[in-house]
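Dear colleague,

Please find the structure below. A short account of the findings comes after it.

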Amino acid sequence: MLEIFQYGFIVRGLEAGFIIAVIAPLIGIFLVLRRYSLIADTLAHVSLAGIAFGLILKLNPMITALVSTVISSISIEKLRSSKKVYGESALAIFLSGSLALAIVLISIAHGFRVDLFNYLFGSIVTVKQSDVYMIGVLGAIVIALLIAFYKELVYVTFDEESAKVSGIPTKFINTLLIILTALTVSLAIPVVGVLLISALIVIPVVAALQLKKSFKQTIIYSEIISIFSVISGIFVSFYLNLSTGGTIVLITLVIFFLTFLMKQKTD
Amino acid sequence: MSVDHSQNIIEVKNVSFSYGEKDVLKNITLNVHKGDYLGIVGPNGGGKTTLVKIMLGLLKPTSGKIFLFGQDIQKFSYWSKVGYIPQKAVNFDTNFPITVKEVVNMGRIGKRGLFHSLTDSDHAIVKKSLEQVDMWDLRNKIIGDLSGGQQQRVFIAKALAGQPEVIFLDEPTIGVDIKTQEEFYGLLKKLNQELHLTLILVSHDIDVITHETTEMACINQTLIYDSNPKDFIKNDGLKKLYGAQVRLILHNH
């Protein structure tokens, strides 16, 4: 057996990483095509405030992150659909607001700097067995909901107005997508970290989009890119003693550049 | 098969719409009958698209009522009877990763409802719709790779796949060359005459409306003309619509 599998944390990291790698592009494809990529980044910053709360109150930071992102995601969607604030402005307000809150909370409670570093940049060392179970159960729920509402999500993403006219509950579908994004962001924190989550949600999809395939094939290619990046990133970071999150994201970027160059050649 | 042209499909009753202080539509009353091919024409910014969005329930009128198939639009639930090809369908994101068949499948989604995947009979209807517009052979192409005229046919097929009784088309030929436009209007005429579909075509192009449609409504805030396109030219309708300086240049085909 490879030396790597003798470490419990590596096995847990691979399990959690695999689940995250499967969900991230499934959410990502809808966000990218709706020009919503930044929502993942915003919710990641919100989750940081949630984590800070969790560390202060001595609760599981993944759970406090989950609660804060879900509540914020619904508020962002409300603010955006009210049309009183532009969509990007709503995101900017939540992004900077939650970062400010997180920094204030961190300055109130000194002494969890090491922990916080792990949450910011991802470290599979922080993945506990209970986290793996939680990621597994919630990940299964996210996938089940995405499958159940797949055709409606595709339609609303392609043309929201026509979808509405044909009787699809577009408001509900929009809210569902943003809540699922919040869940995915919270679950991905231990593996890639707050600052790099949006990269994992966005880059594999953008890379797959360069290949110009059907919707289903684009999903399959982004899955392959995502799973390969996460698994190989965990191995590489273990052997070379690098940051896991950073390594994973750099691998996705290399793949993106390759697909981008391939597209330039064929165009 | 003959069509009962006296049956009202859409009734617009005293509809007004304003954005804040600005009046967009004032007191519009209009009936669309079964089998009509109605052209809605008027200057840009005259409220055509707004009227269509109100007729589709996408916007709420400031005052007035809309009835679809005899039912108040607030309570209307048979949306599968209505097909819609929005302006955006013509200038959609050409990088969107989707095949012709995947687009037309969407036409069946409203019929199927939540939690039901498309059945064999849905796929048969999708095939038939694509054949009606001569696009079945290109079903596996990415829609962004097709020409503008081919894309339009795909959106028509998507609307047909929903087996609607009425199709709304909002400026469907923007950015398409003349020859493709002629083919496209030929296809619409066929749908109206052979399949007895009720069509509502919005265009700023008065020439197209007077030549192609059987009914015509001119909108510039108010309803200026509502009748037969042939009489429109005789009755100096254009002057009323655009002002006195405009002359209609007729293209004799």
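This is a predicted model: local features need pLDDT of at least 70, side-chain atom pairs count only at pLDDT 80 or more; totals for chains, interfaces and linings use all residues.

Residues are numbered from 1 along each chain as its sequence is written, chains are lettered from A and ligands numbered from 1 in the order in which they are written, and side-chain values use heavy atoms, leaving out hydrogens and water.

Over all chains there are 13 salt bridges (a side-chain nitrogen of Lys or Arg within 4 Å of a carboxyl oxygen of Asp or Glu). One of them links Arg35(A) with Asp93(B), with the closest N and O atoms 3.5 Å apart. This pair crosses between chains. Arg35(A) is exposed at 59% relative accessibility, whereas Asp93(B) is partly exposed at 24% (buried means under 20% relative accessible area, exposed over 50%, partly exposed in between, with a 1.4 Å probe and protein chains only).

Within chain B, Glu131(B) forms a salt bridge with Lys127(B), at 3.4 Å between the closest N and O atoms. Both residues lie in helix α4 of chain B, four residues apart (helices are DSSP runs of H or I with at least four residues, and strands are runs of E with at least two, numbered from the N terminus).

In strand β3 (residues 37–41) of chain B, five of the five residues are buried, so the strand is largely enclosed by the rest of the structure. Five bridges join β3(B) to the parallel strand β8 (residues 198–203) of chain B (strands pair if DSSP finds at least two bridges between them).
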